[in-house]
Amino acid sequence: PMNSCDFGPGGPLRYYNFDDHAGDVTLEHFDDTVSHDVESGMIPMIQAAQAAINRAGGELSLFASPWSPPGWMKLPTQGPNGETLERSMLRTAVPNGLDPEMQRPYANYFSRFISAYKKHGIPMWGVTVQNEPEAAVGWEACLYNASFMASFVRDHLGPVLEQEQPGTKILGFDHNKDHMVTWA
């Protein structure tokens, strides 16, 4: 996962990301060491798997998938009485959770994450835009509809990755197969 997810180290509701400084659109505070993933054992586990597969003559291909952007990059949600709630990794606005003004900073966030993993000797074969983009659940989530995701990829994520992470694949629909045709 890119950032925390419901089954990551610490379990659900122990969320983290690599730049939790609200408004940091230039990503000045991005953790380029991805220290959480090192300290939790995720990166050492991946490195051990890479080494074992390499010894067997293979190559490990990895892709990253976010469950949620940092909360400050998302739109605020509405409470049960119509009140505006704070921006959070654990809630999502409908129909799209990513703040449209945060599309380019979030695309840059993807690139920084990929670069940080490369520094640990872990190249990413690809990324998904969002894990389960139709699921508004009680843990990290961010809704997207197909047209918003397509424009995010076309106008922001695609160009950033093409320039900074050439060859990195973008998988468009990381969800159950029942709506795959609609999304395609």
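Me: Is Y144 buried or exposed, and why?

Reply: Y144 counts as buried because its relative accessibility is 2%. Buried means under 20% relative accessible area, exposed over 50%, and partly exposed in between, using a 1.4 Å probe and protein chains only. One caution before we go on: this is a predicted model, where local features need pLDDT of at least 70, side-chain atom pairs count only at pLDDT 80 or more, and totals for chains, interfaces and linings use all residues. Residues are numbered from 1 along each chain as its sequence is written, and side-chain values use heavy atoms, with hydrogens and water left out.

Me: How do I read a pair of aromatic rings?

Reply: Such a pair is described by the distance of the centres and the angle of the planes. Rings of Phe, Tyr and Trp (its six-membered ring) pair if their centres lie within 6.5 Å; planes under 30 degrees apart count as stacked, over 60 as edge-to-face and the rest as tilted. Here, the whole structure holds 13 aromatic pairs. Y106 and F152 are stacked, with 6.0 Å from centre to centre and 20° between the planes.

Me: Which helices does that pair link?

Reply: Y106 sits in helix α3 (residues 103-119) and F152 in helix α4 (residues 146-164), 46 residues apart. Helices (H or I, at least four residues) are DSSP runs, numbered from the N terminus. Both Y106 and F152 are buried.

Me: What is the geometry between Y144 and F152?

Reply: That pair is tilted, at 6.4 Å centre to centre and 40° between the planes. Y106, Y144 and F152 also belong to one aromatic cluster, whose members include F110 and F148.

Notes
Helix = DSSP H or I, 4+ residues; strand = E, 2+ residues; numbered from the N terminus.
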